[in-house]
Amino acid sequence: MKETMKRLFSAIAILWLVVGKMAAQPVSQSQPAHANPFGRALVPDMIADASIQQVGDTFYCYATTDGYGRGLETSGPPVVWTSKDFVNWRFDGIYFPSARQEKYWAPSKAVAANGRYYIYPTVNGYMHVGVADAPEGPFRLARGADKFERPYAPEGTLLQDSDRGGIDAEVFVDDDGTPYVFWGRRHVARLSADMTVTEGEIQTIQTPQTAYSEGPIFFKRKGIYYYLYTIGGDENYQYYYGMSRTSPLGPYDFPADNLVSTTDVQTGVYGPGHGCVFNVSGTDDFYFAFLEFGRRSTNRQTYVNRLEFNADGTIRRVAVDLNGVGKLRNVKTPKPLPVRLVTASSVRPALQIAPIANPNLNRTEYFDPAFATDGANGSRWMAADTDRDCWFMLDLGKARKIRRSEIFFVRPTAPHVYTLEGSTDGTTWRTLSRHTEPTICAPQTDRVDARLRYLRVKIEDGERGIWEWNVY
Ligand code: CA
């Protein structure tokens, strides 16, 4: 009996060693070995329900932060991504500090009024009103104490009647200064002059499609008001629209072909849903941002395509794809140094993504190390779950002057503890910086100012993955 046990234990030990070795097997690549099904997402993170606007020389993107692992029970904290050119995006810290721990969904853009900025997120299931002096915050509740009560307290909410509830506020200020708010289930009302509560009758817009609707989008172009509303969800999310030449309150005309966006199996876009429309200042260029089904509806990414109009003002159906629109402002930005080879301590096994509603969905995500240097925000390297000694290395091919390193970690809204090291020969390493104080930002930037061939990051805490790593 003892002998049997001994043999069993040694068999387990050998198996454990083999599995451990397999899990920790480093993988080197110069190119990804697999296709990237998630293309050129707007930002290197999982975001949904985006509201994008340009203020001065900066684009701001407010959104729901996805990927927190418990479906719709939770969300990431409020962060605002900014960009000067619409290609390079970053965020620093939390823009609505009192909402940091709350379920923070679908913020509107920060609307300029009364010399300040107002934002309308859905917090713990109710629309709230925040105010700040600048579009990047910090925001606080516009009324009452700067504190969120659960499950529901009317203090600070947009709709004072608890029976009504409502999600997904979209706020529009007309040329005459009158503010309006649209929200889920096709609701619209005027806003008070102080921007903090609805005023007058709450109306419901009558549309040809009558199923449940959320994520309204509203904008004005050449004297025409456009109202976009969603139908469905998951892989079958769609946008339809109506237009009015009279008022944001209607009446609305609905063109015969009033579909704005829908799934396109050819381009790999499933369920283009809750997003926004924005305009580039000083142009007639409009863009449509949408979330995509991603990794089963709560791990989504956001994409942008052009929105085009016919001569009569009707909207052309958007040819949705995952390729992005590139730079929207002509800003000089430095090019990252070319990387010859990347090596990761391990690679997570492929993720097969099962459909929810559309049986045509056939999607597998791979986590190749080379996805961390492919210039695409939709693809990422992830370490194996069993990898307790996780690292990732860049080889530039020869020693080069490196000024700085910018790492876009996976899940940047939950901080990372990491050590950055450099080497000229790949054998002798020196520590360039060590991050023990977790900070919430993307990218994580480190001054290097050294001549090196190799850089290596050891991820000690936080999600063990990288969307993109650029060195300059
Ligand atoms: Ca990538």
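Predicted model: local features only at pLDDT ≥ 70, side-chain atom pairs only at ≥ 80, totals over all residues.
Good morning. I begin with Pro138, which sits in the loop between strand S11 (130–132) and strand S12 (140–141).

Pro443 belongs to the loop between S31 and strand S32 (444–461). A further backbone detail concerns Met195, whose phi is near 70 degrees, a positive value in a residue other than glycine. Met195 is located in the loop between strand S15 (187–191) and strand S16 (198–204).

I turn now to the overall arrangement. The domain assignment divides the protein chain into domain 1, made of 26–37 + 333–471, and domain 2, covering 47–307. In their contact, 24 residues come from domain 1 and 28 residues from domain 2. The centres of the two domains, taken over C-alpha atoms, are separated by 32 Å. Between them, domain 1 and domain 2 bury about 2,100 Å², with 51% of that area on carbon and sulfur atoms.

What polar links cross this interface? There are 15 residue pairs in polar contact, counting pairs with both residues at pLDDT 80 or more. On the side of domain 1 that touches domain 2, the elements giving two or more residues are strand S26 (363–365) and strand S31 (441–442). By class, that side has 14 nonpolar, 6 polar and 4 charged residues.

Salt bridges come next. Side chains of opposite charge can pair when their charged atoms come close. The whole structure holds 24 salt bridges, and 2 salt bridges are counted between domain 1 and domain 2. Glu365 pairs with Arg295 in a salt bridge, with the closest N and O atoms 2.7 Å apart. Another salt bridge joins the side chains of Asp57 and Lys84, at 3.1 Å from N to O. Asp57 lies in the loop between strand S2 (47–55) and strand S3 (58–65), and Lys84 in the loop between strand S4 (80–83) and strand S5 (91–92), 27 residues apart.

Finally, which protein atoms hold the calcium ion as donors? They are Phe371 (O), Asp374 (OD), Ala376 (O), Ser379 (O), Ser379 (OG), Trp467 (O) and Glu468 (OE), at 2.3 to 2.7 Å from the ion. Phe371 is in the loop between S26 and strand S27 (381–382) while Trp467 is in strand S33 (residues 465–471), so this pair ties together parts 96 residues apart in sequence.

Thank you for your attention.

Definitions and conventions. Residues numbered from 1 in each chain as written. Heavy atoms only, no water. Domains from an automatic or database assignment. Contact = heavy atoms within 4.5 Å. Buried area = accessible area lost by both parts, 1.4 Å probe. Salt bridge = Lys/Arg side-chain N within 4 Å of Asp/Glu carboxyl O. Polar contact = N/O pair within 3.5 Å; in protein donor to acceptor, adjacent residues only side chain to side chain. Helix = DSSP H or I, 4+ residues; strand = E, 2+ residues; numbered from the N terminus. Nonpolar A, V, L, I, M, F, W, Y, C, P; charged D, E, K, R; others polar. Donors = N, O, S within 2.8 Å, 3.2 Å for Na, K, Ca; no water.
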